[in-house]
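I opened the notebook to record what I looked up here, one topic at a time.

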Amino acid sequence: MNEIKSPHAFPFRTLPEALLAAPPEKPFVTMWTSEDEVHSVTFGEFTKHALQQAGYLRSQGVRTGDTVVLILPQGIPVMTAFAGAMFLGAVPAILAYPNFKVEPAKYRFGLQGVTANLKARLILVDQEFPDELMQHVRVEGAARLVRCDGEGSSAVTADVAQGINPDQLAFIQHSAGTTGLQKGVALSHQAVLTQIHLLSQALRIGPEDRIYSWLPIYHDMGLIACFMLPLVCHTPLVMQSPTGWVMQPATMLELISAYRCSLAWIPNFTLQFLARRVRPGDRSSFDLSCLRALINCSEPVRASSMDEFLAAYPAAGLSPNVLQSCYAMAETVFAATQSDVTQPGPRRIWVDGESFRKQKLAVPVSKDSPGALCLVSSGSCLPNTQIRIVSGEEKELGPGGVGEILIHCDSMLDGYYNRPDLTAKALRDGWYWSGDLGFLLNGELYVIGRKKDLIIVAGENIYPQDVEEIVSAHPAIYDGRVVAFGQFNPALGTEEIFVVAEVRKEDDLQNSPGIDRALRTAITSELGVGVGSIFLKPPRWIVKSTAGKPARSTTREKLLSEHAELRAQGESS
Amino acid sequence: MLEQRKKMIEYIVQEVMRRPDTKVEENTPLVSSGLIDSLALVDILLRLEDLTNLRIPAGKVQAKDMDTVELMFSTAQRVGKPRKG
């Protein structure tokens, strides 16, 4: 597969070179925590801090090619540490900072698994990293766990490693939030620069742009679109923490308004949060006329959420082109498709509901046809990307045929880090098998959902297997007789986790509230997410497949048929 | 128990959790126990502002400050400012 070649046009070959080429006086990162706590650095100051971080990492034994795991809260220090590691030619990977819900024993187990797989030389945590977790973290082999040096103000600065090869690994980003099946996506400088070059062209990034972000920096959307892209394109960035945003969604619009930001990436549920969870009286104070594009990404794009957002802010000066979409994943660095930002977008079509469900075929019909479904495009392929759609029997499908999305491009992962087994499954003959379902029509991609039962809660990927394993461990639950799946909650604008579990003895159902509470605590402490509903059922309720395993989709259908209110709720979106 | 706190518990049990049979007290952990998801805190924060008639400035509250009803009200007293109008 060598037909696609799109060398980027940047005058630098690696990410450290891109940072060093930035105008030193230009503003880079503004980290907004509250109205009286705002930290800003220019590109020059950022680079200086990064070189100091590099000096500290070197003093801790980090050398070219070593993996460095960063567990630091959202902010400038984690970004300078990341850049500092790259200055040494080392390979940084950011992991989610533990939140207050985490249980120390579970955290230790998860961290051990990830760091062992990454073969990390150093795990860097901040000064505030909880002592009780620090005592529980045990690292093995050559790895060391250290607290970072204050604000990275080491007196020693390291020289930038010479001769970093563009094909060398730049960093590792993780494709899922959970630990059991954590997959590290290894990316080269060349792959990242190629992606950013093409994406910045598609988005027409210019010197006047300024990016806003609340996205977690360990997630591909936060790491690539809201850290690597501004670093390479020398674009100022205004950011806040994900938890700060989710508690008070209006802050996003306040910051865009105040700092005159022009671009932001968001998972779909953000639109609904902004429409429903900002007081009507507060909405008129925002001037969003500076915003060129709000790019909807990482969850299926919903027309209803877009309409609700636009209707909630009629006087904010929003551009008719402001809502856009893209289809992105860690495995292709980030975006595979992007909608046309010069047009009111993204494109919507209406398809015949019956052919869509029964024949897996998207047949366009008029908006008013009975049973018509409205679907939103994720745009067309970036110039270096090809997409094919294949059926369950791996046959290529034509326009409108719904099947698995396969992607080929030259900014793709080298493989899952130290996981040749997973790499072999996902990468075949140069094509990445995404596990997502969708179709192509008139050159645009429409993403329908996941083939692999992945649950996406507020943009974060949760594997049902992880939830099922935790629930199965409860003594009252029949081991292995558990099904977890995602159910769209229209009030939240994102999926919630639903669990169906069989109790061992029917009498156990009398203690349902106690079991329910114990299961919620277990899931939250291990995975860091809450659960929508738990349905405890008598023995032999769950539908099994011919192989004797619980059949997720059939069990889900059975549950929805018994609880009609759930189906109505999911479809009202 | 103060009337405001009773109203908050009622709101959480009926509107957020939608499980009126669940027993929640002032010091029951909510987020850390998985009874509610942190995504629901935004609704609770808006309700807290209404019940206390205070404005809670952005960036001054973390999820751990909202883990129990007792904590919610002490947080509002600590960081809240009088609402205009």
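Which loop of chain A holds A:Pro346? I worked on a predicted model. I found A:Pro346 in the loop between β14 and β15 (348-352) of chain A. I then checked the peptide bond from A:Gly345 to A:Pro346: it is cis, with omega near -15°. Most peptide bonds are trans, and most residues other than glycine have a negative phi.

**Positive phi**

I went through the backbone angles next. A:Arg204 has phi near 55°, a positive value in a residue other than glycine. I located A:Arg204 in the loop between α6 (189-202) and β9 (211-213) of chain A. A:Arg204 has 11 other C-beta atoms within 10 Å, so I logged A:Arg204 as exposed. I noted A:Glu394 too, where phi is positive, near 65°, again in a residue other than glycine. The loop here runs between β18 (385-390) and β19 (403-409) of chain A. I counted A:Glu394 as exposed because there are 11 C-beta neighbours inside 10 Å.

**The open sheet**

I traced an open sheet of nine strands in chain A, with mixed pairing. The order I wrote down is β2-β1-β10-β9-β11-β12-β13-β14-β17. β2 (37-42) and β17 (380-381) of chain A each have a single partner strand, so each edge strand has one side without a neighbour in the sheet. I looked at one pair inside it: β13 (residues 323-328) and β14 (residues 335-338) of chain A are antiparallel, over three bridges. A:Cys326 has A:Gln338 of β14(A) as its bridge partner.

For chain A, the domain assignment gives domain 1 (15-255) and domain 2 (455-571). I have their centres, over C-alpha atoms, at 34 Å apart. What lies between them? I turned to the largest nonpolar core, which has 195 residues. A:Val68, A:Leu124 and A:Val499 touch the most other members. Helix α7 (residues 220-233) of chain A gives the largest share, eleven residues. Both domains of chain A give residues to this core, so the core lies between them. I listed the contacts of A:Leu124 beyond four places in sequence; among them are A:Val68, A:Leu72, A:Ala81, A:Val146 and A:Cys148.

Which residues of α17(A) are buried? I found A:Thr555, A:Arg556 and A:Leu559. Their arc around the axis is only 105°, which puts them on the same side of α17(A). I saw them pack against β26 (477-489), β27 (494-503) and β28 of chain A. On the face turned away from the buried side, I noted the exposed residues A:Ser553 and A:Ser561. A:Arg540 sits in the loop between β28 (533-537) and α17 (552-562) of chain A. I logged A:Arg540 as exposed, with 10 other C-beta atoms within 10 Å. A:Arg540 and A:Tyr478 are 62 residues apart in sequence, yet 9.6 Å apart in space, C-alpha to C-alpha.

**Chain B**

I moved to helix α3 (residues 69-79) of chain B, where B:Val69, B:Met72, B:Thr75 and B:Ala76 are buried. They span an arc of only 120° around the axis, which places them on the same side of α3(B). I found that their cover includes α1 (3-16), α2 (41-52) and β1 (54-55) of chain B. B:Ser74, B:Gln77 and B:Arg78 are exposed on the face turned away from the buried side.

Last, I checked the contact between the chains, with 24 residues from chain B and 27 residues from chain A. I sorted the chain B side into twelve nonpolar, seven polar and five charged residues.

Technical notes. Residues numbered from 1 in each chain as written. Chains lettered and ligands numbered in written order. Predicted model: local features only at pLDDT ≥ 70, side-chain atom pairs only at ≥ 80, totals over all residues. Pairing = 2+ DSSP bridges. Helix = DSSP H or I, 4+ residues; strand = E, 2+ residues; numbered from the N terminus. Core = buried A, V, L, I, M, F, W, Y, C linked by C-beta atoms within 7 Å. Buried ≥ 20, exposed ≤ 12 C-beta atoms within 10 Å, placed from the backbone. Domains from an automatic or database assignment. Contact = placed C-beta atoms within 7 Å. Arc of directions from axis to C-beta. Nonpolar A, V, L, I, M, F, W, Y, C, P; charged D, E, K, R; others polar.
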